[in-house]
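Q: Could you walk me through this structure? I'd like to start with the ligand and then look at the aromatic rings.

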Amino acid sequence: MLDKTKKDWWKSAVFYQVYPKSFQDTDGDGFGDLRGVIGRLDYLEKLGVDGIWLSPVYASPQKDNGYDISDYRGVDPRFGTMEDMEELIARARERGISIIMDLVLNHSSDRHPWFLAAKADRESPCHDYYIWRDGTPDTPPNDMTATFGGPAWTWAPETGQWYFNMFSPWQPDLNWENPALRRELYDMIRFWVDKGVEGFRLDVIDNIGKTPDEKITFNGPHLHEYIRELRREAFREDTLVTVGEAWSADVETAKRYANPDGSELSMIFQFEHTTLDQKSKWEPIPLSLVKLKECYDRWQNGLRGEGWNSLFLNNHDLPRTVSRWGDDGKYRVESAKMLAAMCHGMQGTPYIYQGEELGMTNIRLPIEQYDDLEIKNAYREQLEQGRPEEDILSAIYARGRDNARTPMQWSAGPNAGFTTGEPWLPVNPNYTEINAVAALADPDSVFYFYQKLIALRKAYPVFRDGDFQLLEAEDEQRFAYVRETEREALLVVCNFTAETLPDVCPERFRGAEVLLGNYPDPAGEDLRPYETRMRYVKK
Ligand code: TEU
């Protein structure tokens, strides 16, 4: 177990994201719950993770699957009770697993009592917890659009004003310029710290400084002032781990968020690597491995000593990477392992998204079975704009968020062991082959590969401390890099293709110990399809 009294404990940690709605249902309503997470702690302990990032379980109308909160201090009854939450925190801690809660501080639900009061009465003390503009119902303050479609301004006839909603009308933005609102949020965070929560993931934290009149949504003028105040007033303990979701971040802004002086956050989720294979969200293009390597090289060396990287390929908003950058057919297992080694071999804190450790894949559903409002709005809007339906569906199959939200595949039993009821979203039909029971029975499964990666990170300091030297930068098929300290050197080589290719092995690694590989028999002269190898030299 990690010594979590050290302020940088999370630099040696590996975290696991649970999307509770799809993780494990225990009461047969087809909706995952906290008792389901408690029941799977042994599984997560076996994997070897040090913390769970729990996507929101607060009271919510579920317009955006919990990222629309109507009570920041209450557990939604569909997920369970506050006692269940307290038990989860306690039982996880017994296993050396910290609970990291998801904080949605940029917006609330339109059903939150604050907003109901604000919308009902301009004189309400909560009115200015939100962003209002006077006007007339036919002319919004400006032409800004919402992330999930439609305008970013919604008319409230009750007060005769527009309110700002970056994401959807059901998610009114909170007004961070209001110190009373900020105080409400800080007090709420302390409530969860007092419950024993040991970290927080901060939803769209780069948006809280927005100035909609200037059409600025991220990196607003007071953003880092607010984050520093958040750190002082809410994240007071140096041992809390905080990770901010920052889609807009580049290396330079990341140095501010993750400043080693501890004035802001522990790290951020940056997304540059997840945007290289698309012209836009719904226009995928083939991945250039050279561009991916350049991106990782810039982030690894840009933040070295001046910040800290998160390392992730999947989350609840992204398609499954084995389908996106690997091969979810013939070489599913090999490519899932290769991608894991590529990611976990770098400097930073790795995050495993539920099912990634099983090599779970994307899904194709009839359009009416999708749940995600982003998918449904995009389908309707693009159809109205005249895009051919097959193009829209192809983009949804490739990039829709519901790819990541199909129920966790626990067994080959009914509904993959996720629920005894009707699952809220269909189970991927491949659950009969891809499931935890099968993985735990197979020593060569993706699960045990992740387990070894997590153990290696703890056994060899070079994973945490080593520098990053990219090899073969212009090679479009192989990703190879060296991590090095004064005492150790690690060579990570990944074949991103289904071809057999010459290995990449500098002279000093010839004959070196192979810490980990994704083929059962020993490494040969060539790299087999999607083969990865981790070689180690002790100096
Ligand atoms: O996501 C931020 C966000 O902008 C993403 O939704 C991204 O734009 C989109 O997924 C690209 O396909 C956070 C949460 O992770 C997401 O689940 C919420 O829907 C969103 O904020 C609003 O809270």
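This is a predicted model: local features need pLDDT of at least 70, side-chain atom pairs count only at pLDDT 80 or more; totals for chains, interfaces and linings use all residues.

Q: Fine. Which residues come nearest to the ligand?
A: Asp64, Asp203, Lys281, Asp317 and Arg401, out of 18 residues around the ligand (those with a heavy atom within 4 Å of it).

Q: And what polar side-chain atoms lie by its oxygen atoms?
A: Lys281 has one 2.2 Å from a ligand oxygen, and Arg401 has one at 2.8 Å. For His316, a side-chain N or O atom is 2.9 Å from a ligand oxygen.

Q: How much of the ligand's accessible area does the protein cover?
A: 93% of the 490 Å² that the ligand has on its own (Shrake-Rupley method, 1.4 Å probe).

Q: Switching to rings: how many aromatic pairs are there?
A: The count is 35, taking Phe, Tyr and Trp (six-membered ring) with centres within 6.5 Å.

Q: What about Tyr43 and Phe447?
A: Their centres are 5.2 Å apart and their planes at 45 degrees, so the pair is tilted (under 30 degrees is stacked, over 60 edge-to-face, the rest tilted).

Technical notes: Residues are numbered from 1 along each chain as its sequence is written. Side-chain values use heavy atoms; hydrogens and water are left out. A polar contact is a pair of N or O atoms within 3.5 Å; within protein, one must be able to donate a hydrogen and the other to accept it, and residues adjacent in sequence count only if both atoms are side-chain atoms.
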